[in-house]
Every structure is written in C-alpha cells, then in structure tokens.
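I set out to go through this model with a notebook open, writing down what I looked up and how each term was defined. The entries follow in the order in which I made them.

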Amino acid sequence: MFETLVNTLNGWVWSPALIYLCLGVGLYFSLRTGFLQVRHFGEMLRLLRDGRSSNEGVSSFQALAMALAGRVGTGNIAGVATAITFGGPGALFWMWMVAFLGASTAFVESVLGQIYKEKDSSGHYIGGPAYYFEKGLGQKWYGVLFAISAAIACGLLLPGVQANSIATAMDTALSLSPAYTAGVLAVVLAFIIFGGVKRIASAAEVIVPFMAGAYILVAIIVVLMNIGQLPETLSLIFRSAFGPDAAFGAILGQAVAWGVKRGVYSNEAGQGTGPHPAAAANVSHPAKQGLVQAFSVYVDTLLVCSATGFMLLSTGMYNVQDPNNAEGFLHQGVAGVAAGPGYVQIAMENIMPGIGATFVAVALFLFAFTTILAYYYIAETNIRYLGRSVKMDWALPILKLVLIGMVVYGCLRTADVAWAMGDLGVGVIAWLNIIGILFLQKPALAALRDYEAQKRAGRDPVYDAEANGVHNAPLWAEIRRDFESRRAAEDHPAP
C-alpha cells in the first residue's frame with residue numbers, strides 16, 4: 001500500500017506540467033538574463049577563487065563544494081542509467097538541455113538565497129527559499145510551507161535513494177551485505193552531521209573535487225578506448241532526442257520526460273536546494289555566488305552525467321525498456337541487471353577487468369555520501385527557520401536520528417521504492433520553489449544588472465541592497481561596511 005501511495009502521488013507531482021515548467025522557466029530566465037550561462041562563463045571560473053572563509057560564512061569554493069555535494073550524487077550514475085533505460089539514449093540530450101537552461105534558474109534562486117540570508121544564533125550565514133519567500137514575497141505562510149516540505153523531502157524521502165545505490169553498488173562489486181553497508185554509513189554519517197556545517201563544508205571541499213575529477217578522468221579513458229564509437233554515439237543521442245531514430249523514435253515523449261526528470265533530480269536547478277549552501281557563502285555581492293552556483297550545474301550534468309552516458313552508450317552496456325511490453329526491450333546490452341549502477345559497473349568492468357566495478361562502487365559511495373550530507377544541511381536549515389517562530393529544540397536531534405534511520409532503510413529496501421520516494425520529494429519542493437521565484441525574480445535580475453554595471457566601471461562589485469530596491473535585507477548593510485573597510489585597509493595599509 002505504501003509503494004502504491006507513493007507512485008500515485010508521483011503521478012500527480014511529476015505530471016507533464018512540471019516537465020514543461022522546468023524547461024519553460026529555464027528558457028524564460030535565460031532570455032531575461034541574456035543567457036548569462038554563456039556570457040559569464042569565464043567570470044564563473046574566475047569567481048571560484050573569489051571570497052574567503054570567515055567566522056560568519058564559508059568561501060565561494062566551499063559553498064560550491066557544498067552545492068556540488070548535493071548535486072553530484074547517485075543521479076549522476078544510477079540516474080543516468082535509469083533515464084536511458086526508460087527514455088532511450090535521447091534522454092541524455094534532454095538532461096543536457098535542462099542543465100543548460102537550468103543554469104539561469106540556479107543563478108536566480110541562489111542570488112535570492114544570498115540577498116535574503118540572515119545570521120543564525122551562532123553568527124553563521126543561513127538562508128534558502130523559506131527565508132526569501134517570507135522576506136521577499138512577504139508571504140510567511142509560503143515560507144513555512146516550503147520549509148516543512150524541504151525538511152521532509154531532504155530528511156525523510158531523499159536519503160534512501162543515495163543509500164540504496166551505495167548498497168547495490170557495494171553488493172555488486174564486493175559482495176558486501178546491504179546490512180553491513182548500512183551500518184558503516186550510519187556510523188560515518190553520524191560522526192560528520194553531529195559536527196555541524198563547518199565540518200560538512202570541510203568534508204565536501206576535500207571529497208567533491210577529488211571524486212568528480214577522478215570519475216571524469218576514468219570516464220574519458222573509457223570513451224577514448226571506444227573512440228571509434230563516439231560519432232555514432234553522438235548521432236544516436238540526437239536522433240533519439242528528436243525522433244528520427246528507427247528504434248527509439250517511438251519513445252520521444254519518454255526521452256523528454258525522463259531526461260528532464262532525472263536532469264532536475266541530478267543538477268537540482270530550480271529545486272530550491274542550491275540556495276541553502278549559496279546563502280552560506282561569504283561574498284561581497286549576491287551575483288558572485290549566483291554565477292558560481294550556475295557553474296555547478298554545468299559540472300554536474302555536462303561533465304559528470306555526460307561521462308556516465310558516454311560510457312554506457314559507447315560500450316553498448318545499457319538497456320532500453322519497451323514501453324508497450326514490460327518484459328521486452330528496444331535494446332538489451334545487459335542481461336539480468338536492474339536499471340541502475342549495475343550497468344555502469346559492467347561497462348567499466350569490461351574495460352578495466354578486476355577493478356572497474358569496484359571503482360564505480362567507490363565513486364558512487366563518495367558521490368552519494370556527500371549528497372546525504374548536503375540533504376542533512378538543507379533539512380537542518382529549514383528546521384532552524386521553523387524554530388524562529390516555534391520552540392523546536394527537540395527537532396534537530398530527531399532529524400539526525402531520522403536521517404540516519406532512512407539511510408539504513410534505503411540500504412535494505414528495493415531500488416524502485418527508494419527512487420519513488422526520492423522523486424516525490426524532489427517534485428514537491430520543485431513545484432513550490434519554481435512558482436515562488438517567478439513571483440520574486442525582480443531582485444535577482446536587478447542584482448545581475450548592478451553586478452554587470454560595477455564590473456564595467458572597473459570595480460570589484462559590492463552589493464547595496466537599498467540602492468537595488470531591496471528594503472528587507474538589513475544584513476547587507478553590515479556586509480557592505482565590512483567589505484569596504486577591508487578594501488580600504490588593503491588599499492592603504494598601516495605603515
């Protein structure tokens with residue numbers, strides 16, 4: 001009954017309307033920002049070195065690493081495999097499309113997270129959609145609704161997907177019992193999440209660049225070893241994405257739906273999760289972190305997801321299910337393996353016998369584990385938001401225990417149940433956030449224009465909230481004074 005209920009709710013949440021909304025809003029914000037994801041690509045790279053960690057907030061790079069910890073997860077391996085299984089090779093193109101357009105959406109929501117951030121009781125920067133809906137829209141009820149939904153999604157529904165993929169990959173590669181994997185995950189996770197946001201940021205800063213770089217490097221090697229298949233692979237992706245392919249043209253609608261669904265799940269653009277780590281960054285202008293967060297969407301989908309897709313398609317180690325026959329396949333390259341990380345492990349094992357499957361298992365462990373950490377941080381942020389109005393000292397200890405419990409549950413449950421719960425969580429908060437930022441786009445677009453104007457004037461941009469028409473962000477007056485004082489000290493050092 002539980003699985004039936006979750007699947008029924010998913011059918012409502014992930015209707016075609018949400019698919020079109022994700023693509024349409026991405027295109028809309030791309031047009032409104034003059035395709036900043038293209039114009040400011042070089043600036044995105046430069047800003048990775050901008051900002052510094054402080055007592056109040058983390059550096060731009062640490063915030064990027066925290067965001068990538070959430071974005072780069074099982075969706076980059078198992079998610080790509082399931083998208084291809086149910087949507088055909090063309091689903092990879094639609095994952096690219098939702099990432100390209102979604103980079104502008106990620107910019108807008110992350111800028112809003114920065115503009116309306118606050119300081120918590122410990123003096124650390126904190127923010128996210130709940131904060132900008134209350135302060136920017138003036139609709140506290142909507143902020144509360146998002147906070148409750150995000151806490152449930154990230155604390156209860158989403159962790160099981162990541163844990164399930166870890167357990168499956170470890171079982172395939174090392175024959176480790178899911179129960180053993182669950183125990184190890186629970187212990188390591190408890191050690192980090194009881195250490196707070198600084199420990200989460202420090203862990204992400206070390207793990208994320210290493211895991212993403214190593215995975216992409218190995219994927220490039222695999223693709224190079226099958227370089228003769230690359231032209232046909234690219235042709236297959238585009239033929240399947242637009243319908244001309246004889247084998248997969250009949251599932252064009254599935255390609256779009258699964259590409260967008262898994263793309264949003266993977267890169268999180270518009271989902272409302274990215275603004276939480278974005279708000280924690282210590283920067284002089286909201287647009288700086290908005291551009292850094294837009295870049296993280298590229299890293300997630302155009303690099304890591306593409307690496308997985310090319311590995312599967314160039315080696316032929318993938319299945320495409322026949323939508324008219326639950327037992328049949330339009331293409332079957334792997335027999336007896338459920339859609340998920342097993343495809344990637346088999347593809348890698350054929351290229352790197354003896355170590356390929358283990359490498360994927362380790363990569364997936366790191367990908368998914370850091371995503372679970374990001375989920376905890378997001379759930380905690382939203383509970384802290386709710387705790388401003390209602391005394392909830394009991395909530396954070398319970399959140400830690402619930403999240404650890406859901407990780408154990410996810411390891412022991414089937415993949416279908418885990419993914420259904422995860423999709424439901426993503427869909428609900430995506431609906432709430434996308435609708436909200438459409439009503440609250442003006443401050444973000446104004447911040448972009450202000451940033452560009454200051455850059456043209458040859459200045460390092462510093463944000464003035466009042467001058468940009470934002471009258472409910474008092475923290476920025478303090479931030480502005482601090483940055484200007486620091487700049488004056490650097491320009492005129494004491495003798």
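I began with contacts along the chain, where contact means heavy atoms within 4.5 Å. Of the contacts in the protein chain with a separation of 6 or more, 81% are between residues 24 or more positions apart. I note that this is a predicted model, in which local features need pLDDT of at least 70 and side-chain atom pairs count only at pLDDT 80 or more, while totals for chains, interfaces and linings use all residues. Residues are numbered from 1 along each chain as its sequence is written, and side-chain values use heavy atoms, with hydrogens and water left out.

Leucine 21 is in helix α2, and its C-alpha atom is separated by 8.7 Å from that of tryptophan 431, which is 410 residues away along the chain. Leaving out residues up to four places away in sequence, I found that leucine 21 touches Trp431 and Ile434.

**Overall make-up**

I counted 22 helices and four strands in the protein chain; helices (H or I, at least four residues) and strands (E, at least two) are DSSP runs, numbered from the N terminus. For burial I used three classes: buried means under 20% relative accessible area, exposed over 50%, and partly exposed in between, with a 1.4 Å probe and protein chains only. By that rule 61% of the 495 residues of the protein chain count as buried. The accessible surface of the protein chain comes to about 18400 Å², and 64% of it belongs to carbon and sulfur atoms; these areas come from the Shrake-Rupley method with a 1.4 Å probe, and for residues only the protein chains shown count as cover.

**A helix pair**

I next looked at α6 (residues 78–87) and α7 (residues 90–115), whose axes come within 7 Å and cross at roughly 125°. Axes here are lines fitted to C-alpha atoms, for helices over the stretch in contact, and angles run from 0 to 180 degrees between N-to-C directions.

**Salt bridges**

My search of the whole structure gave 12 salt bridges, each being a side-chain nitrogen of Lys or Arg within 4 Å of a carboxyl oxygen of Asp or Glu. In one of them, the closest N and O atoms of arginine 46 and glutamate 43 are 2.9 Å apart. These two residues are about one helical turn from each other, because they are three residues apart in helix α4 (residues 41–47). Arginine 46 is partly exposed at 31% relative accessible area, whereas glutamate 43 is buried at 13%.

I also noted a salt bridge between glutamate 232 and arginine 239, at 3.3 Å from N to O. Glutamate 232 is partly exposed at 42%, and arginine 239 is partly exposed at 25%.

Aspartate 423 and lysine 261 form another salt bridge, at 3.7 Å from N to O. This pair links distant parts of the chain, with aspartate 423 in helix α20 (residues 415–439) and lysine 261 in helix α14 (residues 252–267), 162 residues apart. Both aspartate 423 and lysine 261 are buried.

**A nonpolar patch**

Which residues make the nonpolar surface patch of about 510 Å²? I listed Ile148, Ile152, Leu156, Trp394, Ile398 and Val402. Patches are made of residues with over 30% relative accessible area and no salt bridge, like charges being joined within 9 Å and nonpolar side chains (Val, Leu, Ile, Met, Phe, Trp, Tyr) within 5 Å. The elements giving two or more residues to the patch are α9 (140–157) and α19 (395–412), and α9 has the largest share, with three residues. Isoleucine 148 lies in α9 and is partly exposed at 39% relative accessible area.

**Positive phi**

Finally I looked up two loop residues. Phenylalanine 35 is not a glycine, yet has a positive phi of about 55°; it lies in the loop between α2 (16–32) and α3 (36–39) and is partly exposed at 27% relative accessibility. Serine 175 also has a positive phi, near 55°; it sits in the loop between α10 (159–174) and α11 (178–193) and is exposed, at 62% relative accessible area.
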